[in-house]
Structure formats: structure tokens, C-alpha cells
Amino acid sequence: MNENLIASGKKIIQTYQSTPSAQLEPFMRNVSGISNNVIQIYSYTGKPILSGQEFPLQVNPEIIESVLSGSIARDLNIGNGRQMLIGLPFEDKGDPYALFITIEASAFERMFINTLRTVLIIVLFIGSLLILVAARYIVKPLLRLTNATKNMARGNFDIQLRTTRKDEIGQLTASFNEMAIELSKLDRMRQEFVTNVSHEIQTPLTSISGFTKALKSKKMSEESRLHYLTIIEEESERLSRLSQNLLQLSHLQYEDHHINLSTFRLDEQLRKVVIALETQWSSKEIELELQLEEMVVQADEDQLNQVWINLLSNSIKFTPDNGTIHIKAVISGHLTIVSIADNGIGVPEEERLDIFKPFHKADKSRDGSIKGNGLGLSIVKQIIDIHHGDIEVSEQSGGGTIFTVQLPLSYAEHK
């Protein structure tokens, strides 16, 4: 656009130089305003030659002086809604002059610009209002989530945030509520765990302390003294078993728990466990029935040995004298299925989902002489989970309990 205006300016200069002096000013005033152009010519004295314009140009004297000196001015803002695009120097009769050409907006253009400005202001106002509304719509639930998170950090997990939203914030709120529920369950489990550990430790310690004081302060027969010492020994062993089970359970729950894989005969392992626990089942005159297929598995032999010891010991514990325990092991596809069934007192259906939790005892209302710390089945569950297996507990048709364990024949295939 500058080059076009320079060309137009040069034509105006030629016209100016060839127009008689008497007709010069009226002609130039007529030229000014054509195609929205406004022109002005300054003499070598810095005075404007064209007068009587509706909107006279107000050019900085320094710019006029620069153009009169021979420089070309470009893109100079002169205000009044105009943009001075060029200032051209020329000579007439040996005297320097300066021609300035600007673009003057037409009435339609001015109306359009004013309308556009109004629309932009309205859009800005409405946009700002919408931003405030949207910010409140988005920020408010985020603030609620932030406050709820702070409360949760202080240990308050019983928090539920209501929402009907289906967007990302609604999904975030729903996820937060699910997290709060799970953390609340974990916190209750933690509290129950601490309570149970304290109880399991305090009971034998109380017995040990009481009988120790009795041995120190009382005169008693050798038989009574040996009886007290036997109780102290049993309670000490109980504490030791509790400590070992807690350490084993903690070790099994560690994410990077190491598996010592080996290949061995599972049916032979079950027979060895039955022999190792012979004193327990034979003292109650329990009849053991074995139905074992020959099978080779790849697993952690020591850990699976612990599984069968805990399950069989549990069945022996709750099977009455002269009862029966049936152990069956079969292969089904890529799985080995081991079931240990007894005709004992059974497990109530409402407790079957909880018996694998630490310190849970399904015999709270049963024979108090049956001892245990409620960790054996938790250890069993952890070991089976590590081997990508499954364990279920059910009831026999004639009474009693069946523990069914499913394990892959090869641990590596299911890793």
C-alpha cells in the first residue's frame, strides 16, 4: 500500500507543479478526499499550503522538517483516527516542499469500526462473565476435593462428596469417594490388627508374668512348680509362633517377594505333611483318607509345604475325636486341585469371606480350649495369591468344612 500511495503522491506532485498558481489551491482541495485520501502540502517555511479542510492535518514539525530535508516518511501515526502513510519531499521553482498523504476512514468504515468496537466490548464482557461462571463451576468442586483431601490427610477417612456430574470432575469425585471407602476399610483393618496383636501378645505375657510371680513368692511342690513352668514354656512358644507368623505374613505381603521355584512331586509333598502331623491326628484318633494323583508342579516348595501344614492343622483342630479328614489332589487341565475336607464343626457362611483376614477367628463362640492366633489362613491366602492360585471354603453336605486350593502346574506360565 505504501508503494501505491507513493506513486499517487508523485502524480499529485506532477499535477501540483503543472497547475497554474491561481487554480492550484482549489484543485488540490478537490483532490484531497478522493478515495478517502487526505493530502497536505507544507512549504519550505513549514506552513501548510492547503487551507479550509474539514479535518486539517496536524503533523509534527520535526517530521515536516525531515521531509523538507529530502527524507521520505512512512507509517506515521498522527491521531484523529488517521494513519499517515507517507510524506514525500519535492521541489517547485527551487524551493523544497513536503507532501503528506493519509487515509481517511469513510462514514461506513467509521460506523463499521465503531460497531466492531462495541461488539468486541460486549463479547469481552460476556466472555468475562462466562469465565467467572465457569471458574466457579469448576473451581468450587475442586476446592471441595482439596478440603476433603486435607481432612483425609488428618486421618478422617469417613468422607463422601455428593455429586451428580458426569464429566471429568464428576468422575474424579466418584474416584475420590471410592478411595475414601477403601482407605476407611484399611484404617479399620489397621486398628483391628493393632488391637488383635496387642491382645494376642498381652494374654501370654499376663500368664507368664503371673506364674513367674507365683514361682517367686510361693512355696509349692515340685509337681506344681513343673506345672507352672510348663505353662510359662507354652505361653513363650505361643509368643514365638505369633512373632514368626507376623514376620512371615509381612514378608509375604511385600510386593517384590522372591519365589524360590523348583519342580517337585506335589502328591509326595502332601504325604510327607500327613506323616509330619501324625501325632496331632493320631492323638484324636482321626482317620485320614488320601486320594492323590501323581503330579509334578513348579512352585516354591517351602511355601506350599506351609500351606498344607496350616490347612491340615486347621482341619485337625476343628475335627472331633474319631472324625475323618479326606485329602484329594487331581489334575484338571493346567491346574492342580487339592481339597482337604473334614467332618468338623464347619464355618458359618457369613464368616467364610473373613476367615482369611489376619487374626480373624471363626471359633469365637466355640471351644475356648482350641488355641490359635488367627494368622495361619492369612498366610495360606498370601502364599496361594503369590502363586497365582485360588482358595475357597465351603461346607460338606453332611457337615464339616472343605478347603479347595487351585494352583497352576507351572508358576512361570501364569507369571
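Biologist: Which residue stands opposite glutamate 395 in strand 11?

Modeller: Threonine 401 is the residue across from glutamate 395. The model is predicted.

Biologist: What makes strand 10 and strand 11 a pair?

Modeller: Two strands count as paired when there are at least two bridges between them. Strand 10 and strand 11 have six bridges, in the antiparallel sense, and therefore qualify as a pair.

Biologist: How many bridges link strand 8 and strand 9?

Modeller: Eight bridges link strand 8 (residues 324-332) to strand 9 (residues 335-342), in the antiparallel sense. Alanine 329 faces valine 338 of strand 9 across this pairing.

Biologist: What is the order of the strands in the open sheet?

Modeller: The five strands are arranged as 6-8-9-11-10, and the pairing is mixed.

Biologist: Why are strand 6 and strand 10 said to stand at the edges?

Modeller: Strand 6 (287-292) and strand 10 (390-395) each have a single partner strand, so one side of each has no neighbour in the sheet. From one strand to the next the twist averages 15°.

Biologist: Which strands does helix 7 touch?

Modeller: Helix 7 (residues 266-276) packs on the sheet and touches strand 6, strand 8 and strand 9. The direction of helix 7 makes about 170° with that of strand 6. Helix 10 (residues 376-386) also packs on the sheet, where it touches strand 10 and strand 11 (401-408). The direction of helix 10 makes about 135° with that of strand 10.

Biologist: How do you know that the length of helix 9 agrees with its number of residues?

Modeller: Helix 9 (residues 301-318) has 18 residues, and at 1.5 Å a residue it should span 26 Å. The end C-alpha atoms of helix 9 are 26 Å apart, so the two values agree.

Biologist: What makes aspartate 300 a cap for the N-terminal end of helix 9?

Modeller: A side-chain oxygen of aspartate 300 lies 3.2 Å from the backbone nitrogen of aspartate 302. The limit for a polar contact is 3.5 Å, so this pair is within it.

Biologist: Why is serine 313 called buried?

Modeller: Buried means under 20% relative accessible area. Serine 313 has 18%, so the term applies. Serine 313 belongs to helix 9, whose buried residues also include Leu304, Trp308 and Phe318.

Biologist: Which residues does serine 313 touch, not counting those up to four places away in sequence?

Modeller: Serine 313 touches Leu277 and Gln280. A polar atom of the serine 313 side chain also lies 2.7 Å from the backbone oxygen of isoleucine 309.

Biologist: Why is glycine 46 called partly exposed?

Modeller: The class lies between the 20% limit for buried and the 50% limit for exposed. Glycine 46 has a relative accessible area of 29%, so it falls in that class. Glycine 46 sits in the loop between strand 1 (37-42) and helix 3 (61-68). Beyond its neighbours within four places in sequence, glycine 46 is in contact with Ile64 and Leu68. Glycine 46 and proline 61 are 15 residues apart in sequence, with their C-alpha atoms 7.3 Å apart.

Technical notes
Residues are numbered from 1 along each chain as its sequence is written. This is a predicted model: local features need pLDDT of at least 70, side-chain atom pairs count only at pLDDT 80 or more; totals for chains, interfaces and linings use all residues. Side-chain values use heavy atoms; hydrogens and water are left out. Helices (H or I, at least four residues) and strands (E, at least two) are DSSP runs, numbered from the N terminus. Axes are lines fitted to C-alpha atoms, for helices over the stretch in contact, and angles run from 0 to 180 degrees between N-to-C directions. Contact means heavy atoms within 4.5 Å. The expected span of a helix is 1.5 Å times one less than its number of residues. Buried means under 20% relative accessible area, exposed over 50%, partly exposed in between (1.4 Å probe, protein chains only). A polar contact is a pair of N or O atoms within 3.5 Å; within protein, one must be able to donate a hydrogen and the other to accept it, and residues adjacent in sequence count only if both atoms are side-chain atoms.
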